[in-house]
Structure formats: structure tokens, C-alpha cells
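I set out to record what I looked up in this structure, entry by entry. Each entry keeps to one topic.

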2 protein chains.
Amino acid sequence: MTTVLVVDDQPLQRYGFRMLLDSVPETEVVGEAAHGAEAVRKAAELRPDVVLMDVRMPGMDGIEATRRIVAAGDRSRVLVLTTFDIDEYVYAALRAGASGFLLKDARPEELLAGIRAVAVGDAVIAPALTRRLLHEFARLVPPGGDGSAEDPRLSSLTDREREILVAIGKGWSNGEIAGRFVLSESTVKTHVGRVLSKIGARDRVQAVIFAYDHGLARPHGG
Amino acid sequence: MTTVLVVDDQPLQRYGFRMLLDSVPETEVVGEAAHGAEAVRKAAELRPDVVLMDVRMPGMDGIEATRRIVAAGDRSRVLVLTTFDIDEYVYAALRAGASGFLLKDARPEELLAGIRAVAVGDAVIAPALTRRLLHEFARLVPPGGDGSAEDPRLSSLTDREREILVAIGKGWSNGEIAGRFVLSESTVKTHVGRVLSKIGARDRVQAVIFAYDHGLARPHGG
DNA sequence: CGGCGGGTAGTACCGCGGTACTACGCGCCC
DNA sequence: GGGCGCGTAGTACCGCGGTACTACCCGCCG
């Protein structure tokens, strides 16, 4: 038996969910909440297996409520529902720790399957959203090692030049690079010049951008 | 009617898929391939709506075959199947352009639902994999704009300064920024100087790095 | 042997970038 | 009114960065 907390500011919507979930033996609605604050409170009190969370609500929205419920660490999984598949909602919800994201136009069996999956620790994403999520994901995953053809400009760099480019990507000045690599600044300048010419960059600023775009430099966040 | 090309090195496995897919009216297996090279060839020849692709195969593997089929641009969608949910497979497959990734232990209706979704342009991920994918995704998605506390250095920037920082992140020179923003170069220098001082960067190179690390500049790939 | 790619190093030149400082118009608020 | 934040603009200065060109050493290969 999977216990569910239904969060939505529209009573009729909550009623619909309750009818659906209580109509099957495996799920049971143990509570309802009309806004984020109430959701957080009831989640802590009722400790449901799954929280069915609407995004758009007056006061505290579903994203913030999700963040707090997940942060509370009561093992409740949050399945976010929304009418609109706005990208920001999806990313924000996932970052907030949601275990799933479905559209309200999902068929009943899809919703039930989603709740089942979430309840056992899996995650679900509406197929229509998955496509964009994957596209975004592929863009974010660092290239390399997966066999995809490397940019010819990158391949044209010698090992040394690649090191120099990485160093540029760290924000080091020519003098700093010379120091760390135990080289003369003249040599560094020679390398830098060759790197810029090979990758088609006008100056080291564009080289940094190139390095980031090609995975030679990685965000260190914060 | 959805046409499907089944790719697997094991004849018995192909037989199973064909039986399943031909047992329902909405899908039809129009061809089979035993390895990557054959898959690429037959995909170009038969132009199926969906390619059901095994990962592990002798010779050209499913990933490389996926890459080539997608690159061919024949509008065939690739649904990758594997027995093992090795992370690298998933990421590599998605980067290769696969529209979906399912485990072979999926229930028949799940597989059919997956093919349906892929055929109409959506994407599917096995729930068990989705969880890890989301976790990874949340890690990769840059902070900012989603409610999480923003870096105080970033918040201290005025709107104008933020625009300037973005422009720096594009690799523009002061002169170019002045031209595009219709400003004098002096003004740009003033802004740049303030930006550098506020974010604690020594020069515009480090500003670019800051911009990337904080999601103000985004890779444009390639 | 000679040639070539790669790494190292130097000199000379110039311009963009960054800093310091001043200045003014504007909207806002006490 | 006076102050303040913000955006705008200017002048002056200097140094790092980028370019052009030359040069030498090393390992490899035809």
C-alpha cells in the first residue's frame, strides 16, 4: 500500500486525484494540502510515501515545497505535476529533488505507473519532457571518451599546446603559466600564439570560451 | 502503423522482438540486423520509424551504429536496449542521439509504450535509469534562477554590469561591446572595471571563467 | 646525411585592456 | 534641497598580451 499526499490549490483537482488513487487497491490518499506551506507541514506529519505536488500555487509554490520536503529527509518522494511543460519548472523541480515530473494531461494509468515507480525509488519523466531533457543532458555531459569525432581544431593541437590551452582556461597569465610549467615567458607566448591561431581565436579570452565549449575547462561551481 | 528495424546479434532475441511487435496491430517489424554495420545499411534502405538497437554486438556496437543512423538524418528514431544498465552505455547512447534507453527486462507493454513514444518524437528512459540520470542532471545543471541562493558576487552586479559580463563571456572586446551597446569605449571600460572588482576577477579572462561557472555564459557546442 | 615537427627561447613592436581619477545627468528618497 | 546609486563619459598612464621574425636543440624518418 502506497500512501499519498495530494497537493493542489484547486479542490476539484484534489478530488479528482483522490477518486483516482482510492479507486485502486495499491494507493491510498492519506491527506491533502492546498498550498506549499501546508504541504510541508502535512508531509512531516503524515510521512506519505509519495507527495503528488502541483507546481503553480498561491503562496509557497510547489518547487520550494519540494525542496523543503526533500530536505527534511523523511523519505517522502515528490512527484511534481503541472499543466504546462515550462522548461524552467522541470529543471527547478529536479534540482529541488523531485523524483518525477508528469504533465496533468497524463492518462490515469500513466499517473498510477508514475506513483508506483516513484514509491519504489525509481524516477519518472513525462515522455514529452524526456526528449528535451535528454537533449539538454547530452549538451551538458562532457564530451570525450564516447567515440564522437573531436573538433579538428582541437585535434590539431600538440600535447603541449593542449596543456597551454587548459592553463589559459584556468585564467592564468602568461607569466603564471611560465612559472608553473617552468618555461620562459617567451616560450609561453610562442605556444599561446600557436594555440590561438590553430583554434581560430583572436585572443586568450576567446580561447577560454573555446576551452569551455570543448570540455577542456570545466565549471568548478560556486 | 509504426515500422521497426530490430538490431541484435542474437537470432533468438530478434525472434522474440518480432513476435511481440507483430502481435499488435500498431507496429510492424520491417527488417532485422545482426550487427552495427548491417543496422546502418538497413536503416538507410528501409527507413524505419524506429530502430530497436542492442548495445553489445560484435563489430560495430550499438552506440556507433546509433550515431551514424542519427547522423544520416533519415528521421529514424533509435531506441537503445541493453541487459545491463551500465552508466557509460546510457550516457554514450544519449550523446549518440538515441531517443530512448530501456532495459531488456522491461515488460512487453513497457517496450511497446516506449516504441509508441519514440515513434511520435518523444523520448523514454527506463525508470530505474531515470533516477540516476536525474541525479546526474541535477549535478550538471548550473545553479541560478531556480531559487537556490545566488552567488553574492553575482547579485551585487547591476543589470547593466550583468549585461557587460555576459558580453565579456561572449568574447567581445571593449570596442565591440561599445559598438553593440551603443556606448563609448570609456563607458564600457568603466563598467568592465566595476564588474572585475565586484566579482573579484583580475582581468576579463577570469571574468569569462566566472561567467561560465555561474551559468551566465553557456557552451554553444561544436 | 638532410629534412621536419615539436619544444624552447629571444628581441622588438604596438595596441588593447585595466586602473585611477574626475565629471555630469537622472531618478529616487529622506 | 541634498545625497545617493546608476549609467554615462573623458583623460592619462602603463603593462600585459599578441604578433612577427629568428634561432637552436632534439628525435624521427626517408
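**Entry 1: the annotated domain.** I looked up the record first: UniProt, in an unreviewed entry, places the feature "domain: HTH luxR-type" at residues 150–215 of chain A. I noted that UniProt positions are given in the numbering used here, that feature names are shortened, and that annotations may be inferred rather than shown by experiment. In the model, this span is 73% helix and 0% strand, and its end C-alpha atoms lie 11 Å apart. Helices (H or I, at least four residues) and strands (E, at least two) are DSSP runs, numbered from the N terminus.

**Entry 2: basis of the values.** I was working with a predicted model, in which local features need pLDDT of at least 70 and side-chain atom pairs count only at pLDDT 80 or more, while totals for chains, interfaces and linings use all residues. Residues are numbered from 1 along each chain as its sequence is written, chains are lettered from A and ligands numbered from 1 in the order in which they are written, and side-chain values use heavy atoms, with hydrogens and water left out.

**Entry 3: α8 and α10 of chain A.** At what angle do α8(A) and α10(A) pack? I found about 90° between helix α8 (residues 159–169) and helix α10 (residues 185–199) of chain A, with their axes 9 Å apart. Axes are lines fitted to C-alpha atoms, for helices over the stretch in contact, and angles run from 0 to 180 degrees between N-to-C directions. α8(A) is therefore roughly perpendicular to α10(A), a term for angles of 65 to 115 degrees.

I then listed the contacts (heavy atoms within 4.5 Å). On the α8(A) side are Arg160(A), Glu161(A), Ile164(A), Leu165(A) and Ile168(A); they meet His191(A), Val192(A), Arg194(A), Val195(A), Lys198(A) and Ile199(A) in α10(A). The residues of this contact divide into six nonpolar, one polar and four charged. Ala, Val, Leu, Ile, Met, Phe, Trp, Tyr, Cys and Pro count as nonpolar, Asp, Glu, Lys and Arg as charged, and the others, Gly among them, as polar.

Entry 4: Buried means under 20% relative accessible area, exposed over 50%, and partly exposed in between (1.4 Å probe, protein chains only).

**Entry 5: α8 and α11 of chain B.** I found that the axes of helix α8 (residues 159–169) and helix α11 (residues 204–213) of chain B come within 8 Å and cross at roughly 100°. This makes α8(B) roughly perpendicular to α11(B).

Entry 6: Asn174(B) has its place in helix α9 (residues 174–181) of chain B. It counts as buried because its relative accessibility is 16%. Leaving out residues up to four places away in sequence, Asn174(B) touches Glu185(B), Val188(B), Lys189(B), Val192(B) and Arg204(B).

Val182(B) lies in the loop between α9 and α10 (185–199) of chain B. Its phi is positive, about 55°, although it is not a glycine. Val182(B) is exposed, with a relative accessible area of 70%.

Methods:
Angles under 35 degrees count as roughly parallel, over 145 as roughly antiparallel, 65 to 115 as roughly perpendicular and the rest as oblique.
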